[in-house]
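Please read it with the coordinates open.

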Amino acid sequence: MSRLLEKINGREAVVGVIGLGYVGLPLLVKFGEAGFPLIGFDIDCRKIDALLNGESYIRHISIDPIRKFLARKQLSVTPSFERLSEADCVIICVPTPLTEKMEPDLRFVEGTTETIAQYLRPGQLIVLESTTYPGTTDELMLPRLQTGGLEVGKDFYLAFSPEREDPGNKDYHTGNIPKVVGGITSACLEHASALYAQALSRVVPVSSTRVAELTKLLENIYRGVNIALVNELKILAHRMGIDIWEVIEAASTKPFGFTPFYPGPGLGGHCIPIDPFYLSWKAREYDFATRFIHLAGEVNVSMPYYVLEQTAEALNGRRKCLNGAKILVLGVAYKKDIDDDRESPSYAVMELLLERQAEVYYNDPHVPRLKAGRKHDFGLESLPLTEQNLAGMDAVLILTDHSAYDTQWIVDHADLVIDTRNATRNVTRGREKIVKA
Ligand SMILES: NC(=O)c1ccc[n+]([C@@H]2O[C@H](COP(=O)([O-])OP(=O)(O)OC[C@H]3O[C@@H](n4cnc5c(N)ncnc54)[C@H](O)[C@@H]3O)[C@@H](O)[C@H]2O)c1
C-alpha cells in the first residue's frame, strides 16, 4: 500500500480544495467533517477574508462548520498557492465558462494546472471536478503536470470526478450523491476512489477520465434536451388551448418510462446552458455535429422571446403596449429558493422588455441587488413586495417560483400576472388576471 493510501485511509492526508465556490466549499466541509486536515485555496481574496471572518458568501451553505474547522486549526484558507506542496490531495473546483463565441473557456483549469505543476511533488493526488469535455484531464492537464519529470500513476496520481451538486435540494447534497470517479491509470483510480470513499456515501468507479467527463455532460445534456422538449410542447399546447402543466402531471402518473421535466422562461444556472456546448465544440474535432444539443439550445434560448410575446399580447388585450408599461419581474435566481442568478433567463426577459421601452422593476427575496455581470448591468435593487407596488404595475411576471411568494396575495393585488412556472396553480380568486406563458 502506498504511503498516500495509508494517509487517506487514516484520514491524515491533507486535502486541498482549489476554488471555494458553490462546488468547492461544500466539498471542503465534507472532507472536514470526515476529519481530514484541510487547506482551501482561492484567487478571490474577498472570499478568503470572508471565510477568515466567519462570514458566508453563499446563502444555502452554512458557515458554522467552516468556523469550527478554523477554530480547531483543522482548516486554513489562503490565496497563496505555494502552500499546494503541503496538500497530499488537491481537488480542483474552478469555473469552466464559455467564451463570447460559445466555446470552452479553460483558462481557469489551465492556469490552475500550471500552478499545481510548479509545486507538484511525489505522492500527490490531483483531481479535477470542474465540468468539461472528454479529454481535458489526459490531453490538457497531464502533459502540463508531467513537465517536471514526475510520472503519472507512479509518482503522482491524476483523476477526474464530476460534481453533481444541486443547490437548494433538501434530499441530495454533496455527502449522499454518488460520486463517479475515473483515473488516468488504475493506481490513480484506486487513490481517488479511496479518498472520496472516506467522505461520501458512494463511489462509482469508471474505466477512464474520459468516461467520467462524458458522464457529467450526458447528465446535463439530458436535462437540457428534455427541458427544451417540454418548452416547445408548451408553446404548441398553448396554441391548442391545452394546459401543458396538467398534461405533465397526468403523464407523471405513469409508473415507468416517463420522467417529468417542466417548462419555464428559459434555461439558467452555471451548468445546463453552458456544459452541452463543451461537448459540441469537442465533437467538431471528430467531424460530428451534435444536433440535439443545438436544437435544444435554440429552443431554450428562444423562451424569453416567448415570454415577451405573451406579455405584449396580454397587455394588448388591456389596450396597453410594452412601451412605457410598468413591469415587475418576480425572481431573478435561475431556480426557486436559491440566490444563484448566473445565466438567469430573467435577465434575458428583462433586457428584451427594456429594449421595448418598458419600465422594469424586480423583486427577489434572495437577490437584494443586481450586480453588474458580463452581459448585463441593470443597476437595480429588489423592489419591496407591497400591495401598493403590485397595484402600480401594468404586469407582474413570475419568472422564479420562490416559496416566499404568496401567489394568491400577488394575484389579489396585481392587475395582470404572467405566470411562467405554474406558480398560480392553487390560486382560486382572480384567475381571469392570470396568463400562463
Ligand atoms: N454550481 C453548481 O451547481 C455546479 C454543479 C456541478 C458542477 N459545477 C461545475 O463546478 C465548477 C465550479 O463551479 P462553481 O459553481 O463552484 O463556480 P464558482 O464560481 O462558484 O466557484 C469557483 C471559484 O473558483 C475561484 N477561482 C477561479 N479561478 C481560480 C484559480 N485559478 N485558482 C483558484 N481559485 C480560482 C473563484 O474565485 C471562485 O471562488 C464548474 O466547472 C461548474 O461547471 C457546478
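The points that follow take up the basis of the model, its sheet, the helices packed on that sheet, one further helix, and the cysteines.

1. The model is a predicted one, in which local features need pLDDT of at least 70 and side-chain atom pairs count only at pLDDT 80 or more, while totals for chains, interfaces and linings use all residues. Residues are numbered from 1 along each chain as its sequence is written, and side-chain values use heavy atoms, with hydrogens and water left out.

2. An open sheet of 8 strands has the order 3-2-1-4-5-6-7-8, with mixed pairing (strands are DSSP runs of E, at least two residues, and helices are runs of H or I, at least four, both numbered from the N terminus; two strands pair if DSSP finds at least two bridges between them). Its edges are strand 3 (75-78) and strand 8 (203-206), each of which pairs on one side only. On average, neighbouring strands of this sheet are turned by 20 degrees against each other, direction ignored.

3. Within the sheet, strand 1 (residues 15-18) and strand 2 (residues 38-41) run parallel and are joined by 4 bridges, with Gly 16 standing opposite Ile 39 of strand 2. Helix 5 (residues 107-119) packs on the sheet, where it touches strand 1, strand 4 (89-92) and strand 5 (125-128), and its direction makes about 165 degrees with that of strand 4 (contact means heavy atoms within 4.5 Å; axes are lines fitted to C-alpha atoms, for helices over the stretch in contact, and angles run from 0 to 180 degrees between N-to-C directions).

4. Helix 8 lies across strand 6 (157-160), strand 7 (179-183) and strand 8, and runs at about 145 degrees to strand 7. Helix 8 (209-240) is also a packing partner, together with strand 13 (434-436), of the buried residues of helix 9.

5. In helix 9 (residues 244-251) the buried residues are Ile 244, Trp 245 and Ile 248 (buried means under 20% relative accessible area, exposed over 50%, partly exposed in between, with a 1.4 Å probe and protein chains only). The face turned away from the buried side of helix 9 carries the exposed residues Glu 246 and Glu 249.

6. Cys 93 counts as buried at 10% relative accessibility, whereas Cys 321, at 48%, counts as partly exposed.
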